Amino acid sequence: MQPNARVNQSGRDAESGAALQRARVALNSDRPQDAERIADEILKCDPRHGAALQVRGCALLMQKRAADALAPLQWAAQSLRNGESDTLLAMALRQTGRTEDALSRLKRAIKRQPPYAPAFHELGYLLISLEHYDEAIETLRRGLEIAPMMPQLSIQLGEVLLRRRSYGDAKAVFARALEIAPNSADALFGLAKAHQLLGETAPAAACYRRCLVLTPDDAACWLNLGHCLLQAGEGEAGYDCFRTAARGDLKRYGKALTSLAASGRGKLWLKPSAAARFLTTKR
């Protein structure tokens with residue numbers, strides 16, 4: 001290569017690198033359309049630029065355009081051969097219904113070096129959706145060995161432990177997630193649920209209340225708090241929680257009615273009109 005050609009190539013590489021950095025900033029700032037546009041500018045000059053293809057695919061995933069993301073992410077995974085590119089491709093495969101292909105890709109991703117912790121999270125999510133709970137637990141524990149400070153892994157592990165009825169283990173895992181992320185509504189909800197399923201009503205109610213500070217419109221949280229308060233003998237406070245959960249739309253109302261009937265007060269709801277009055281009357 002001639003000296004001038006090397007200088008020109010170096011300049012183009014610098015421009016591409018700067019543009020790629022802008023695209024990544026756009027992704028991190030939740031501006032996927034800007035990231036897609038910048039990536040497209042890079043790809044006009046270099047259609048097989050692996051990092052730009054990955055950014056473009058990620059931007060399309062963020063816009064819920066998984067089918068469009070498949071092609072650039074397939075090229076990116078072939079070019080980059082790392083855990084991140086494999087994981088993004090697996091997400092696109094899963095979202096387009098290609099579950100087995102996604103599973104295969106993720107099992108490859110978790111073997112990559114250096115380890116990529118989100119690959120374990122995505123594989124755990126997929127295994128849970130397939131009800132492969134034991135494998136999901138093993139995968140998430142391996143992920144936590146690699147990334148012990150990643151709260152999403154602990155939260156997901158706690159959720160599958162709840163499904164396995166390992167409530168004590170789930171409580172410990174959610175408590176660990178809260179140490180890492182004290183303002184995580186998901187960790188608080190999970191810890192509250194573990195307490196509740198262990199019959200620990202008071203700490204469960206306390207966690208649900210903390211969760212509602214962060215997510216005041218969470219109907220499930222209001223319903224579970226209502227159950228805790230009823231179990232603690234705080235009838236009116238519990239019923240007020242059911243009323244709050246019922247506000248908004250018919251779906252929320254239906255869930256509140258079903259939950260309230262399951263609380264042992266079902267005899268009140270022989271007439272739909274009586275149920276409606278109870279749940280919609282302010283006290």
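Predicted model: local features only at pLDDT ≥ 70, side-chain atom pairs only at ≥ 80, totals over all residues.
A polar contact is a pair of N or O atoms within 3.5 Å; within protein, one of the two must be able to donate a hydrogen and the other to accept it. An example is found at Thr-87, whose side chain reaches the backbone oxygen of Gly-83 at 2.7 Å.

Thr-87 belongs to helix α5, which covers residues 83-95. Is Thr-87 buried or exposed? Its relative accessible area is 3%, and Thr-87 is therefore classed as buried, since that term applies to values under 20%. Which residues does Thr-87 touch once its neighbours within four places in sequence are set aside? They are Leu-106, Ala-109, Tyr-116, Pro-118, Ala-119 and Glu-122.

From this one residue, the description may turn to the whole chain. The protein chain contains 16 helices and zero strands. Of its 283 residues, 45% are buried. Among the contacts in the chain with a separation of 6 or more, 43% are between residues 24 or more positions apart.

The largest nonpolar core has 82 residues, and the members that touch the most other members are Leu-157, Val-160 and Leu-225. Helix α3, residues 50-62, gives this core its largest share, namely eight residues. For Leu-225, the contacts can also be named: apart from residues up to four places away in sequence, Leu-225 touches Ala-205, Tyr-208, Arg-209, Leu-212 and Cys-241.

Charged side chains form another part of the picture. How many salt bridges does the structure hold? There are 15 salt bridges, and three of them may be examined in turn.

Glu-41 has a relative accessibility of 37% and so counts as partly exposed. Arg-37 is likewise described as partly exposed, because its relative accessible area is 43%.

Another salt bridge links Glu-179 with Arg-176, and here the closest N and O atoms are 3.3 Å apart. The two residues are found in helix α10 (residues 167-180), three residues apart, about one turn of the helix. Glu-179, at 58% relative accessibility, counts as exposed, because the limit for that term is over 50%. Arg-176 has a relative accessible area of 33% and is therefore partly exposed.

A further salt bridge is formed by the side chains of Arg-243 and Asp-240, at 2.7 Å from N to O. Helix α14 (residues 235-246) holds both Arg-243 and Asp-240, which are three residues apart, about one turn of the helix. Arg-243 counts as buried because its relative accessibility is 1%, whereas Asp-240, with a relative accessible area of 30%, is partly exposed. Elsewhere, salt bridges that share partners connect Glu-36, Asp-40, Arg-56, Arg-65 and Asp-68 in one network.

Note on methods:
Residues numbered from 1 in each chain as written. Heavy atoms only, no water. Helix = DSSP H or I, 4+ residues; strand = E, 2+ residues; numbered from the N terminus. Buried < 20%, exposed > 50% of the residue type's maximum accessible area, 1.4 Å probe, protein only. Contact = heavy atoms within 4.5 Å. Core = buried A, V, L, I, M, F, W, Y, C linked by side-chain atoms within 4.5 Å. Salt bridge = Lys/Arg side-chain N within 4 Å of Asp/Glu carboxyl O.
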